[in-house]
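Thank you for passing this model along for comment.

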Amino acid sequence: MRVGLAIGGALTAGMLVLAALSLVWTPYPPTAIDIIHRLSRPSAAHWFGTDPFGRDVFSMVMVGTQDAVAVAALAVLLGTAIGVPAGMLAATRGGWTDETVMRGADLTFAFPAVLTAVMLTALRGAGAITEIIAIGVFTAPVLARTTRGAAAAIWVQDYARAARALGRTRRGVALVHVLPNILGLLIVQVTIQLSLAVLAEAGLSFVGLGAQPPAPSWGRMLNEAQTYIYTAPLLAVFPGLAIAAAVLGLNMLGDGLRDRFDPRRRRSAQ
Amino acid sequence: MRQLGVFLVAALVIGTGAAYAAPPDTLTLGLPLEPPGLDPTAGAASAIREVTYANIFQGLTHIDENGQVQPDLASGWEISKDGLTYTFKLRSGVTFHDGTPFDCSIVKFSYGRAAAPESINAQKQLFAPIASVDCPSPDTAVVELKQPTSTFLYDMAWGDAVMIAPKTAAGNKAHPIGTGPFVFSRWVPGDRIELLRNDHYWGAAPKLKAVTFRVIGDPAAATAALLSGTLDAYTNFPAPEAVARFRQDPRFTVAIGHDEGKVILALNNARQPFSDVRVRQAIAYAIDRKAIIDAAYSGLGSPIGSHYTPQDPSYVDLTGAYPYDPAKAKALLAQAGVAPGTSFTIMLPPPSYAQRGGELIAAYLQQVGLNAKLQSVAWAQWLAQVFGQSAFDATVIAHTEARDLDIYARPHYYFNYASDQYKTLYAQYVAATDAAKQADLLQQLQRQLSADEPNIFLFALPKIGVWNAKLRGLWTNDPMPINDVTGAYWAP
Amino acid sequence: MRAFLLRRLATLVAALLVASLVVFVVLQILPGDPALVILGPDAQPDTLAALRHQLGIDLPVWLRYLHWIGSLLSGDFGRSTAYDIPVSDLILQRMAVTLPLAVMAMALAGVLAVPLGVAAAVRKARLADVGIMGLTQIGVALPDFWVGLLLILVLAVHAAWFPAGGFPGWWHGAGAAFRALILPTVALALPQAAILTRVARGAMLDIGSRDYLRTARAKGQRERRIVWRHAVPNALGPIITMMGLQFSFLLAGTIIIENVFALPGLGALLFQAIAQRDLVVVQDLVLLFVGIVIIVNAAVDLLNAAIDPRLVEATA
């Protein structure tokens with residue numbers, strides 16, 4: 001599984017490098033229109049061909065990485081910022097707090113990202129912020145559950161009980177003993193959520209709920225490709241490959257990290 | 001040859017796979033949008049008319065393929081000298097699909113209902129000139145007007161002015177009952193509307209036994225449905241990018257006709273910097289219309305130079321007024337004191353001409369130093385925000401009403417063009433009685449618009465028809481968004 | 001067990017109440033007037049007012065909310081302003097596309113995943129295992145809508161074996177309708193099958209070392225019999241839990257897949273109803289989606305509890 005970690009790490013790093021590189025360099029400006037050379041096939045000049053406006057698809061896929069990375073990262077950050085404290089609180093306090101947090105998680109989890117995004121879009125227009133909130137809302141309960149489950153398991157350990165018996169406050173034990181011990185697991189879960197977020201972002205922008213033109217986004221490129229499926233079928237290939245590579249990288253990284261951090265706790269991370 | 005055989009077999013298999021497709025007395029037509037209800041007197045959506053106009057519902061007059069007014073349920077009429085009294089001779093022996101006889105009381109009811117205070121007719125203003133409807137005999141209707149209205153016969157041909165029966169009027173939205181050659185049979189929401197031939201039709205019986213409208217708005221799905229034979233025809237085909245594919249295929253007829261849709265980049269003339277004519281002209285110079293037509297509409301559609309399409313009467317070709325010239329655009333912007341990097345928002349409604357056109361326009365404006373942000377909006381929001389409140393900088397939109405030069409003379413229309421000169425010209429045009437004088441004024445109006453460029457006039461939408469090569473009698477042109485299939489039939 | 005059920009029921013009611021409030025409030029703030037959407041830009045102000053009155057949207061907000069909830073409680077879903085038919089009819093018609101699609105995809109995913117997961121677990125760390133795991137790793141990474149696009153590209157555009165989209169309806173024979181659902185089903189099922197295969201393998205490996213398997217082996221039972229009679233039934237818990245989770249994803253996935261294949265299902269209805277400002281339809285649909293997700297999750301917990309009663313204690 002070392003190999004998996006390496007491949008996953010390499011793909012993820014590659015995605016980040018591509019996103020960073022696209023900030024300063026792309027083969028062509030991603031919004032440069034060239035009507036005469038519209039819908040050209042892949043060639044030495046245009047590696048992935050050109051789109052209906054004659055824009056370079058490779059450059060657009062490169063710049064699309066920014067959108068995927070930024071939205072996924074911020075959405076998961078939002079989910080983590082809500083989910084982890086909520087889960088910690090539930091495990092630390094127990095009782096009614098626990099019950100409330102967990103039922104709240106059930107409730108939030110019942111709103112699929114598409115549903116939230118549809119409503120947010122109707123309200124304040126499509127865009128990256130809409131996507132971040134929609135995906136974040138869906139991510140928070142997952143992290144809350146993971147955190148609560150893992151933290152509860154630490155609380156019944158001898159050292160946690162001992163610390164409590166020695167007069168430490170609940171909060172102190174939670175911060176000093178519990179949190180550091182579940183950090184590895186959380187990192188794994190966050191990685192997995194990142195890959196789900198990339199998928200969700202692509203889906204949302206595919207149905208027009210995501211980034212607005214002219215900012216290239218993988219999902220919207222695929223949507224546009226669908227109308228040209230009879231005349232320029234290759235347009236539907238490259239953005240999809242980019243999504244798959246990004247998700248594959250994050251998944252393999254997550255799996256690899258899981259094996260590394262805690263081989264025994266595979267199942268609780270599911 | 002063998003390949004062709006295989007192809008034909010494949011086509012047959014697919015054809016029968018779609019089952020029920022096309023024995024030669026039925027027709028399945030594609031619809032880009034599902035109608036919200038089937039009552040043309042209670043909604044503005046063109047999809048309602050595309051299904052019901054002339055097929056289910058008929059008015060006293062109707063519009064033919066060339067946009068001319070023809071007699072329909074009124075076999076003829078007389079207009080008094082003062083233009084205030086219209087005496088319609090009604091056809092006899094006409095009944096509604098439920099057996100209700102059509103006579104003058106129906107005319108009185110239909111017009112009265114549309115003009116009533118509680119009316120929800122989308123074009124209520126068409127009925128405003130009517131003072132009274134009298135019935136000296138069952139087959140004669142006398143309509144008195146409050147003021148002479150030269151467009152009255154044309155107005156009464158609109159889908160909003162069709163004849164409806166008192167008993168069934170309230171139910172027409174879900175189960176339309178009219179006097180037309182086809183009877184409503186079934187509506188499966190989200191999927192199809194089925195019509196059957198009216199065996200008691202008053203006119204020449206239609207050749208088709210059944211007509212089905214299928215809602216297939218997605219361009220790729222519409223293409224697939226035609227290729228597989230699921231659809232026999234799409235008279236308003238939503239996928240210009242697939243037209244090339246059908247042109248090469250002898251199984252299909254591709255008919256590119258005229259449409260009244262004028263695609264414009266509407267500018268809010270009340271807002272900076274668009275209140276300055278030089279800025280509007282600069283934008284006109286900055287945009288390559290030909291490229292927009294190529295990329296946004298696959299090269300179909302014709303450039304326009306004002307708010308008027310080439311098939312309209314007294315058309316002047318003004319497309320050369322602002323040739324693509326970014327240098328000149330920059331110079332004009334500098335003259336007007338517009339700093340490079342000035343930004344504004346273009347609102348884009350859902351249709352692909354707006355989405356793609358908007359993206360291209362933003363790219364062209366970028367080249368002359370204007371930073372146009374794009375914002376996609378749903379129709380509901382566009383209507384409320386852009387049209388209703390004029391709360392916008394710019395928007396890409398198609399105006400589909402025919403010969404609607406009047407909107408530039410209206411006070412507080414959403415793009416806020418305010419030109420006394422234009423208003424005066426328009427008033428002269430309305431008052432003009434002499435045909436030559438009218439034509440001259442129409443040309444002056446177009447020139448005035450081109451000079452002021454209140455909006456950037458981009459191109460006239462084509463009406464793209466794609467249908468089975470054996471089909472006859474479908475309309476190539478679109479004088480109104482309608483699908484009159486009364487005369488459609490299959491060649492043997 | 002009773003407390004468990006009551007708690008679940010309470011969650012369901014609370015969730016539906018919150019969802020109903022959220023969606024109602026959102027739709028109130030939504031820019032756009034349903035009357036203007038129906039009557040278009042030429043409509044006169046008095047005509048718009050007349051229609052608003054007819055639609056009942058000129059009533060105070062709280063009254064409309066109570067009216068809606070009250071009707072729902074008496075089983076009345078309200079009336080669609082766009083179609084002028086009861087929303088329940090509309091939803092049932094659309095359900096005839098979405099439900100078969102989701103169920104078929106779920107079934108296909110299960111049928112693919114369980115044997116593959118078992119095979120991988122049985123041949124742990126051997127070539128078959130590595131191969132299957134590699135494939136699932138890729139499968140998990142594929143967006144279902146992209147799989148749909150590729151299927152259309154290859155099997156509908158190039159080979160013309162399947163329709164590229166659209167739905168002929170069930171009333172003209174199930175054959176054509178079924179054909180129209182095959183590609184979307186496969187597109188939805190493949191990524192889910194990949195996830196499920198991994199779960200099934202994991203569950204099998206956990207079971208693999210249990211005592212009763214050793215006992216069975218010691219009794220000299222054939223390995224295949226041991227696997228399918230003893231191991232698989234005991235591994236079903238995690239698999240069912242995962243399928244429950246996936247059903248929510250599938251339901252959300254159908255919203256997007258319906259878009260790819262132009263299917264007139266619930267997802268298409270949701271987008272259309274929002275565009276047309278058919279507010280009651282949007283409200284009902286959101287409640288329906290949320291309700292289904294919660295009910296399925298509760299059902300999964302119940303199933304698990306039936307398989308292993310100790311779980312009830314654990315979640316309690």
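The points that follow cover conventions, one interface, salt bridges and a surface patch.

1. This is a predicted model, in which local features need pLDDT of at least 70 and side-chain atom pairs count only at pLDDT 80 or more, while totals for chains, interfaces and linings use all residues. Residues are numbered from 1 along each chain as its sequence is written, chains are lettered from A and ligands numbered from 1 in the order in which they are written, and side-chain values use heavy atoms, with hydrogens and water left out.

2. Between chain B and chain C, contact (heavy atoms within 4.5 Å) involves 40 residues of chain B and 37 residues of chain C. The two chains bury about 3,200 Å² between them, with 60% of it on carbon and sulfur atoms; buried area is the accessible area (1.4 Å probe) that two parts lose on being put together, summed over both. Of the area that chain B buries against chain C, 17% is supplied by B:Ile120, B:Pro189 and B:Leu383, more than by any other three residues.

3. The polar side of this interface comprises 5 residue pairs in polar contact, both residues at pLDDT 80 or more, where a polar contact is a pair of N or O atoms within 3.5 Å and, within protein, one must be able to donate a hydrogen and the other to accept it, residues adjacent in sequence counting only if both atoms are side-chain atoms. Chain B and chain C also share 2 salt bridges, a salt bridge being a side-chain nitrogen of Lys or Arg within 4 Å of a carboxyl oxygen of Asp or Glu. C:Arg94 forms a salt bridge with B:Glu34, with the closest N and O atoms 3.9 Å apart.

4. Over all chains, the structure holds 31 salt bridges. One of them joins B:Asp249 to B:Arg251 at 3.0 Å, N to O; B:Asp249 is buried at 7% relative accessible area, whereas B:Arg251 is partly exposed at 28% (buried means under 20%, exposed over 50%, partly exposed in between, with a 1.4 Å probe and protein chains only). B:Arg410 and B:Asp406 likewise meet in a salt bridge at 3.0 Å, N to O, and their relative accessible areas are 33% for B:Arg410 and 22% for B:Asp406. A network of salt bridges links B:Arg186, B:Asp191, B:Arg192, B:Glu194 and B:Arg214.
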